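Keep the viewer open and follow the headings in turn.

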Amino acid sequence: MPEYGRFGVDKLPFTTPFLAPLYPAPPWMLEDSEILLMSYEIDKDLAESSLPPALSRSYPPYGHIMVSNYPSSPVGPFGQATQLIVCRWRTTARAYPLFTIVSTEAACAAFREFWAFPAKLGEVTLERNGDSVSASIGRNGEVLASVRMTDLEEVTAGEMRYDPMMNPRVVRAAREEDDPPVLELDQIDPDYTYKQTWRGQGAVEFPAESEADPWHLMQNRNHIATTFAVCDTQLGFARYVVSFDEP
Amino acid sequence: MRFGIFYELAVPKPWTPESELEVYQTSLEQVRLADELGFDSVWAVEHHFLEEYSHCSASDVFLTACAAQTKNIRIGFGIRLLLPPFNHPVRTAETAAAIDLISNGRLEFGTGRSQTWNELGGFLCDPDDTKDMWAEAVEAIPKMWKEEYFSWDGKYFKVPPRNVLPKPLQKPHPPMWVAVSSPETAIQAGERGLGMLGVSGAAPEEQAKRINTYRELVRNCEPVGDFVNERVGTLNWLHCSEDPDEAAMYGQQLVQGFNTLNAHFVAIRQVYPTRVYRAPGGGARARRDRRGAASQRAEAAKRPAGGGLASASQAGTFRRDDLAIGTPDQIIKNMKRWEEMGVDLVTCLVSVGTLVPQEKILKSLKLFAEEVIPAFDKGDEEPRPYDPRAAAATNGRSGSKAEKAAAAS
């Protein structure tokens, strides 16, 4: 008789590799997170050509660059940066991620596999110097984007807002002829407990025009607002799951 | 309580070369009929760059056409933006006075300051400044209407001594209002003796709180004009039909069409951190999202794809007890709620572009005028249109309710 394996479903850890999981299950408590968010108007064609059919663009089209430094997490310190297009699911404001860079292997895997960010491993730095904040996002030694915030002015927590994200979870079928068995949008909506919050002027540059990581496509057409926050972030399970292609 | 009609001049896509023409012309036809039927007032917004939702950037021109094509209905800015980067206050005073003359003294002067990044960003207007800009202009404009040589040395605009012409027909000046979309703006209206022109779809309970706050404050206000315009307006949707299912279907199209278009703009509070426009905090937003999720998904399940409009079968379940949507009896019952709350004027959106067929809108207006309007007492205000002798006797519209309330207390 064949001797079948004994590693049943009840023994499955939260992630692969099964015998040495890369990261623990949510929720992750990310204490003393630092988050820089720059919002600016973007090209209409980029918004319309990048959003899935379930989402509609805002008028005017705009997006965010969101750069975070997480000094503590279940997988150690890491940085994360995401470019997002602000959109609407039905009539509610949401943000759709275009590109994400995460600075450590374990965090990158979790952001891509579990939270469905379009994440790649790269370099993210975020530094506050006096009354300015600087961020740099890179990959393979190339700086894809740099953001600088100046003229910091304190604001209250009640004035802060981060749009919930609608992340595309797509699992390709193993056989060529099959449709993707998973094709959905997951609403990732962390809880933030603000400690200090500022607003200011923002500027973004895209030093490298990389074909592999085309962050430069989301050019700044008109600055709207830039904020910086120190907060505790709780990153949990997706709040809702909705269709990828039906509004 | 009185009833008016309210225009955003929405032009939903898909567009043809005639889309805007059709919306303007059908709207004017509705206004002419509303005038004949005895509606109290017609109001038009001023919005810029709000694709589909509102193509009413030149509301002064639209209202001038309304004035020229009607005899009795009052003509309301709902509202005029009092921000110098949009409209220099002198140009606003001149324009309003000209419409008052053309309408033979029928102007209602609503004021406000814009809520969207589309507009403020488009005119390079700093959101932090809008509250103070509005406050400065709303104080100056009645002086321009009254003084022979007006001058102003303010923070946001300056005028050397000049005679601002023409002067309005209504003396001392037309009734003044401010758009109220939050508890804070209700306070601003009450403190300045301005009419409270509700422009948000807030729940009746929330609006009742605002009205109470307003009535309290207006008793001891320092009016920016020469008199207190103590009136409360609220925004509603109107579709009246003897057939409740038809009323629900078209009513749902109105409400959903309006809300879908409106949701795609960028409210200042969504994107710009400032105390001047209140934003829900992150925690508050998250809690609201969680609470709203079940109803949002249930609502979504009823809706057709594309964020589009309801079919007749779906609309059967659309019933709300605060809207002017339904049979005449249903609407009378609903509107009595607002009357009991102290609302003086209900302004109604009757169309969103041409989503509802014109003949249905005209029929709805007729039925509403025949069956609903007579069920409400218009109140004790002076006869309309403008009567120079009555105005001279009362010095314009006095703050009768405020005076009565003060005397009673």
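## A cut-off to start with

A residue is called buried if 20 or more other C-beta atoms lie within 10 Å of its own, exposed if 12 or fewer, and partly exposed in between. Please keep in mind that this is a predicted model.

## A loop residue, T274(B)

So is T274(B) buried, exposed or partly exposed? T274(B) has 19 C-beta neighbours inside 10 Å, so T274(B) counts as partly exposed. You will find T274(B) in the loop that runs between α9 and α10 of chain B.

Which residues does T274(B) contact, once neighbours within four places in sequence are left aside? They are P127(B) and D128(B), together with E159(A) from the other chain. T274(B) and D128(B) sit 146 residues apart in sequence, yet their C-alpha atoms are 6.6 Å apart in space.

## Where chain B meets chain A

On the chain B side, 27 residues are in contact with 30 residues of chain A. Four helices of chain B each supply at least two residues of that side: α4 (117–122), α8 (244–263), α9 (268–271) and α10 (282–302). The biggest contribution comes from α10(B), with six residues.

What is the make-up of this side of chain B by class? There are 12 nonpolar, 11 polar and four charged residues on the side that touches chain A.

## Two helices side by side

Next, look at α2 (residues 59–68) and α3 (residues 89–102) of chain B, whose axes come within 9 Å and cross at roughly 15°. Because of that angle, α2(B) is roughly parallel to α3(B). The crossing of α2(B) past α3(B) is right-handed.

From α2(B), the contact is made by D60(B), L63(B), T64(B), A67(B) and A68(B), and from α3(B) by T95(B), I99(B) and I102(B). Sorted by class, this contact has five nonpolar, two polar and one charged residues.

## The core and the wider picture

The largest nonpolar core has 168 residues, and those with the most contacts inside it are L36(A), V67(A), A324(B) and C348(B).

Stepping back to chain B as a whole, its secondary structure comes to 15 helices and 12 strands. Of the 409 residues in chain B, 48% are buried. Among contacts in chain B with a separation of 6 or more, 76% join residues 24 or more positions apart.

Definitions and conventions
Residues numbered from 1 in each chain as written. Chains lettered and ligands numbered in written order. Predicted model: local features only at pLDDT ≥ 70, side-chain atom pairs only at ≥ 80, totals over all residues. Contact = placed C-beta atoms within 7 Å. Nonpolar A, V, L, I, M, F, W, Y, C, P; charged D, E, K, R; others polar. Axes fitted to C-alpha atoms, helices over the stretch in contact; angles between N-to-C directions. Parallel < 35°, antiparallel > 145°, perpendicular 65-115°, else oblique. Left-handed = near helix turned anticlockwise from the far one by under 90°. Core = buried A, V, L, I, M, F, W, Y, C linked by C-beta atoms within 7 Å.
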